[in-house]
Amino acid sequence: MNALLPALKAELLKNRHASIVWVTFVAFALAPVMGGVFILILREPEIMAQSSALRAKAQLMDFSTDWPSYLGLLTQAVGVGGVLVFGFVASWLFGREHSDGTAKDLLALPTSRTAILNAKFIVYGLWCLALAVSNLAVGTLLGTLLQLPAPDLPLLRHQLPIYALTTLLTAVLGTPLAFFALWGKGYLAPLGFVALTLVFAQVIAATGFGSYFPWSVPGLFSGLGGGNALPTGSYLLLLLTSLAGYGATLFYWNHADHTK
Amino acid sequence: MEVLRTHSLTKRFGPTLAVDGISIRVQPGEIYGFLGLNGAGKTTLIRMLLGLIRPDQGEVYLFEKKLSARFDAWNDVGYLVETPAAYPDLSVVENLQVYYQLRRLKDPKRIPALIDQLKLGTYAHTKAKNLSLGNQQRLGLAKALLHQPQLLLLDEPTNGLDPEGIVEVRQLLQALVAQGATVFLSSHILGEIAKVATRLGIIHEGRLVQELTNQELTQRLHRKLIVSTLDNPGALRQLSTLGYQVRLNEANELEITDPTALEQPEKIAQVLVEKGYSPRQLYRWEEDLERYFLRIIRNRPA
């Protein structure tokens with residue numbers, strides 16, 4: 001803990017002026033905005049008649065102009081879009097040190113290499129949490145402005161934990177990306193991995209085996225497959241993937257030859 | 001106590017033997033200059049000294065402590081490896097604040113004092129990405145000096161600096177040594193290293209070819225007296241008759257390597273004038289470090 005606090009302060013300092021922070025928040029706000037557009041279209045028959053593609057999409061998603069539908073959309077955005085945006089955050093946080101050439105300056109310090117990585121993981125977790133909260137806040141604001149019928153308490157009690165758990169399940173998948181960022185010495189390897197997992201997540205989920213592919217699990221849990229219940233093995237597999245990613249990251253950072 | 005010691009340090013990358021059995025010892029207060037061509041193994045060696053690369057064989061000792069994952073004296077070591085790097089969106093002050101935290105320092109006045117010492121005051125709030133190469137190098141040096149280390153490991157510390165900056169760094173290193181620090185620096189700028197180092201190590205193809213003090217270097221440098229007259233072959237015959245070691249070089253000048261001639265060149269001038277070979281030019285030529293270095297690595301048995 002003695003070493004973690006200065007490492008955390010240093011990590012927060014590093015991100016002080018990073019424009020990438022705002023880019024991720026803007027990107028993540030697209031989902032609630034899109035939900036708001038669906039609500040507008042479904043409410044206005046004239047616009048609905050002109051926007052056949054969006055109407056078809058809204059109907060395909062079984063979207064209706066109420067809070068359960070809107071919160072469901074936001075949750076699914078975290079489960080699917082989060083893999084991309086959280087993945088982008090992890091790629092940047094861990095890959096930037098090599099891209100900026102500063103990795104070599106972090107390896108012979110009184111603050112241990114492990115503490116520096118743990119500080120990065122904490123900042124990553126906080127960043128993902130802030131994105132999820134902002135997604136919810138923008139959604140709440142838009143839903144209120146669009147005068148959706150007032151939500152009832154049982155709905156919130158049911159939907160908010162699913163939202164929180166979807167965020168957690170998506171965020172913990174960032175650890176393998178940290179490894180790829182260090183191993184690939186930059187952003188490219190982890191971003192390539194994110195793109196691959198997104199494609200595979202869609203294909204594997206479509207074939208019905210998504211519950212056994214960790215990167216499909218958050219999306220399925222969020223309700224994309226029609227329900228939230230998944231076999232216990234799905235969560236275990238996801239947890240093992242995350243732990244393996246964390247372990248590999250620590251091992252590589254502590255034991256590999258740092259030639260760049 | 002030796003500040004730095006390596007024993008048979010060896011590192012291989014695939015088929016390439018980057019560092020081959022290097023053993024060096026650096027005493028407190030020394031400025032140890034490490035000379036080598038690009039790719040000779042200098043940076044690999046410095047990275048091994050910092051634990052960034054694990055040797056295949058051999059050990060590193062810093063302050064008599066064996067370098068391992070448990071080594072805990074990193075605040076006694078400052079370093080600058082290859083090109084200086086900084087967080088591009090952070091200012092000079094903010095970049096230093098990052099390392100102030102990571103080095104767990106407790107002296108808030110240290111950053112402004114260091115910025116002043118390295119003449120970065122004008123750029124204190126300039127983002128690193130907008131700094132010139134020379135000022136990026138100063139920022140790199142500031143990071144290395146932030147915690148007032150006992151040992152400085154510097155890889156090409158004068159890269160990108162203008163002549164004034166080079167002189168400042170030289171004076172800075174000498175001042176640090178006067179205050180009790182030890183410096184280990186690598187460079188391919190041989191003239192610069194010759195001015196600052198108290199001891200030199202020459203590395204070639206991963207091997208330590210020669211290690212010598214500044215005094216030993218001075219003794220080993222080739223010296224000769226270069227003389228030119230209107231009739232150099234005639235002057236050559238005359239000087240040879242008098243017992244001097246003399247030859248005609250490729251430029252058809254007389255080269256005299258006789259130690260007595262080097263000590264008293266005025267005697268050569270006097271003899272030549274008396275014999276009717278008045279010198280048109282006469283000067284002492286001394287091999288510089290660059291030529292010495294090339295002679296050493298070229299004459300080395302394969």
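Modeller: A salt bridge is counted here when a side-chain nitrogen of Lys or Arg lies within 4 Å of a carboxyl oxygen of Asp or Glu. The model is predicted.

Biologist: How many salt bridges does this rule give over all chains?

Modeller: The count over all chains is 25.

Biologist: Why can such side chains pair at all?

Modeller: Side chains of opposite charge can pair when their charged atoms come close. In chain B, Arg47(B) and Glu82(B) form a salt bridge, with 3.1 Å from N to O. Arg47(B) belongs to helix α1 (residues 42-49), whereas Glu82(B) sits in the loop between β7 (77-80) and α2 (92-102), so this pair ties together parts 35 residues apart in sequence.

Biologist: Is Arg47(B) buried or exposed?

Modeller: Arg47(B) is buried, its relative accessible area being 2%.

Biologist: Which residue forms a salt bridge with Lys119(B)?

Modeller: The partner is Glu168(B), and the closest N and O atoms are 3.4 Å apart. Lys119(B) lies in the loop between α3 (110-117) and α4 (133-145) and Glu168(B) in helix α5 (residues 163-178), so the pair links parts 49 residues apart in sequence. Lys119(B) is exposed, with a relative accessible area of 51%.

Biologist: Which residues do salt bridges with shared partners join into one network?

Modeller: That network consists of Glu11(A), Lys14(A), Glu97(A) and Lys120(A). Also in chain A, Arg96(A) pairs with Asp100(A) in a salt bridge, at 3.5 Å between the closest N and O atoms. Arg96(A) is buried, with a relative accessible area of 3%.

Technical notes: Residues are numbered from 1 along each chain as its sequence is written. Chains are lettered from A and ligands numbered from 1 in the order in which they are written. This is a predicted model: local features need pLDDT of at least 70, side-chain atom pairs count only at pLDDT 80 or more; totals for chains, interfaces and linings use all residues. Side-chain values use heavy atoms; hydrogens and water are left out. Buried means under 20% relative accessible area, exposed over 50%, partly exposed in between (1.4 Å probe, protein chains only). Helices (H or I, at least four residues) and strands (E, at least two) are DSSP runs, numbered from the N terminus.
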